[in-house]
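Visitor: Hi, could you walk me through this one?
Guide: Happy to, let's look together.

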Amino acid sequence: MTVSPTYHTWRMVKSRIMSCVAFLFAMLAIAPLGLILFYLIRAGAGSLDLSFFTHLPKPVGEVGGGMANAIVGTLVLLGLAAMIGVPTGVLGGIYLSEYGTDNVNWWIRFGADILNGVPSIVWGIVAYTLVVIPMKGFSAYAGGVALGFMMIPLVIRTTEEVLLLVPNGYREAALALGISRWKITIQIIGKTALKGIVTGVLLALARVAGETAPLLFTAFGNRFWTHSLSDPIAALPLQIFTYAISPYDDWHRQAWAGALVLMLLTFTINIGVRALTRGKLAGVPK
Amino acid sequence: MNVPVTVNNKKPGAPETTRKQMEPLSPATVAGAPAPENAPARPTPSSEMAFDVNRLSGWFSGHQVLFDLNLQIQAKAVTAIIGPSGCGKSTFLRCLNRMHELVRAARLEGKILLFGDDVYGPNIDPTVVRRRVGMVFQKSNPFPTMTIAENVTVGLRLNGVRNRSILQERMEKALRMAALWDEVKDHLDRPGTSLSGGQQQRLCIARALAVQPEVLLMDEPASALDPIATMKIEELIQVLKKDYTIVIVTHNMQQAARCSDYTAFFYMGRLIEFDKTEKIFTNPSNKQTEDYVTGRFG
């Protein structure tokens, strides 16, 4: 059957229009990213200098100073969170993929998905009740616990997913060699999925790095260096929050710079993830 | 598991040492590297039975897939299992090294003796059974994170062998036995997955041989390979049967005829006929067997 030339042309035009519309909306979806970056760089880059990374905040009225303590504080909090979130999440994911029975797994997955949707302020309250009240004070520990708890469901689900991507043939081959179950899980299946697991952990870290609410009444913030993990500690999102609601222009500029640094931090993590997963999907062969 | 337990399941001819081997191997025993030709640890005279399968039935959930199988598998010979798809060939094979029980809701009844030892005995560790009964799968599956050398030695390393010279020696020996040494000896540190399909399958055979099993189960080892790679695997089987008992599941009747000494014909979960390969293919006693081997069904 032949198609008349006009009909053919009309179809081509329709196809073009639809592609354009789809492209337009795709652009619209990523436009906020571009706008945020553009605005952050315009407003923050000017206040970003070496002393921003090396100096403590100056008292009100004095010009200069930096957010060194907040940058280090955020890294410390992420470290503490990882110590809670990574082992629990990874082992939980291993349980789901390698050991659990269907019934138990259903409940764990359900629980993890619900936890993923818990508002971050609630995690702050949990950490406040579990850590701040017994320790009678705000502390880095409390902030780490709040962020760590937030990481657990994220890491559980990504770990499980990448482990399930490892073909069953490898498990069978290893079992047929008379290797014990836990050695297979760690040395063979875990290693095969390692890139994917690391990716999941990094994404979870990037996700919690920018959280402010759970830190408000756990880590609390600190204008100076924190010398003990049981003392309040500064964090970038907290510092940005404090500076942004202050009445001082200089602090506003610093808040912009802080936001830019925080954005770059999560950006770097995400780019690291891209580099890790380039080529094969999460290192798992087809 | 409803396995009938008898007090003395040892056959009169079974060697005294076999009972010992069912106990978990200490790393030292594994590391001792008793080579089959110079160590009398596993004497298997050619008339001996490797497997004695008694009234074996198997289920997946409520669905019965194996019906009351009885057969004896000769040591140091090749036994082929043929039959149409879904007849229980692979399930039977996986009962021999306790892989069947890994499938959820899988169950079996009956008794399997491996050189006189009850494979499903009450105090038997399945991992020890699997070290004695190696397995090669339809789809070659070298571990993707490991080099060629690491793939061969993984069974030893993860069972506690650390001595480098023993690992090196066993690796070379296993690769030579699998007729792969000459092709890979200059790049043992390349990934196992960099090899061709046929080479990968021989690598998997070497990996299974490195732990020095007594029996090698092969589940359609050549069905994904081209004719030349298939021929190499078949030649290899002929060499390996001097030292090992081989049970091979195959869809390919020519392959069964070419490389096996005994052939079992399975149909719908039942053992229809089991005899010398020559007899099965030239003068089968059962009509169904005759129809199958002459290509009239299946």
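Visitor: In which helix does Ala174(B) lie?
Guide: Ala174(B) lies in helix α6 of chain B, residues 164-177. Helices here are DSSP runs of H or I with at least four residues, strands are E runs of at least two, and both are numbered from the N terminus. This is a predicted model, where local features need pLDDT of at least 70, side-chain atom pairs count only at pLDDT 80 or more, and totals for chains, interfaces and linings use all residues. Residues are numbered from 1 along each chain as its sequence is written, while chains are lettered from A and ligands numbered from 1 in the order in which they are written.

Visitor: Is Ala174(B) buried or exposed?
Guide: Ala174(B) is buried, because 24 other C-beta atoms lie within 10 Å. The cut-offs are 20 or more other C-beta atoms within 10 Å for buried, 12 or fewer for exposed, and partly exposed in between, with C-beta atoms placed from the backbone.

Visitor: And what does Ala174(B) touch?
Guide: Leaving out residues up to four places away in sequence, Ala174(B) touches Val152(B), Ala206(B), Leu209(B) and Ala210(B). Contact means C-beta atoms, placed from the backbone, within 7 Å.

Visitor: How do the axes of α5(B) and α6(B) cross?
Guide: The axes of α5(B), residues 148-157, and α6(B) come within 9 Å and cross at roughly 120°. Axes are lines fitted to C-alpha atoms, for helices over the stretch in contact, and angles run from 0 to 180 degrees between N-to-C directions. The two helices α5(B) and α6(B) are therefore oblique to each other; under 35 degrees would be roughly parallel, over 145 roughly antiparallel and 65 to 115 roughly perpendicular, with the rest oblique.

Visitor: Which residues make that contact?
Guide: From α5(B) there are Ala149(B), Val152(B), Thr153(B), Leu156(B) and Arg157(B), and from α6(B) Leu167(B), Arg170(B), Met171(B), Ala174(B) and Leu175(B). They divide into seven nonpolar, one polar and two charged. Nonpolar covers Ala, Val, Leu, Ile, Met, Phe, Trp, Tyr, Cys and Pro, charged covers Asp, Glu, Lys and Arg, and the others, Gly among them, are polar.

Visitor: Switching topic, how many residues of chain A are in contact with chain B?
Guide: 16 residues of chain A are in contact with 23 residues of chain B. On the chain A side, α7(A) gives the most, with six residues.

Visitor: Last one: where is Ile197(A) found?
Guide: Ile197(A) is found in helix α9 of chain A, residues 194-209. Ile197(A) counts as buried because it has 25 C-beta neighbours inside 10 Å.

Notes: Contact = placed C-beta atoms within 7 Å.
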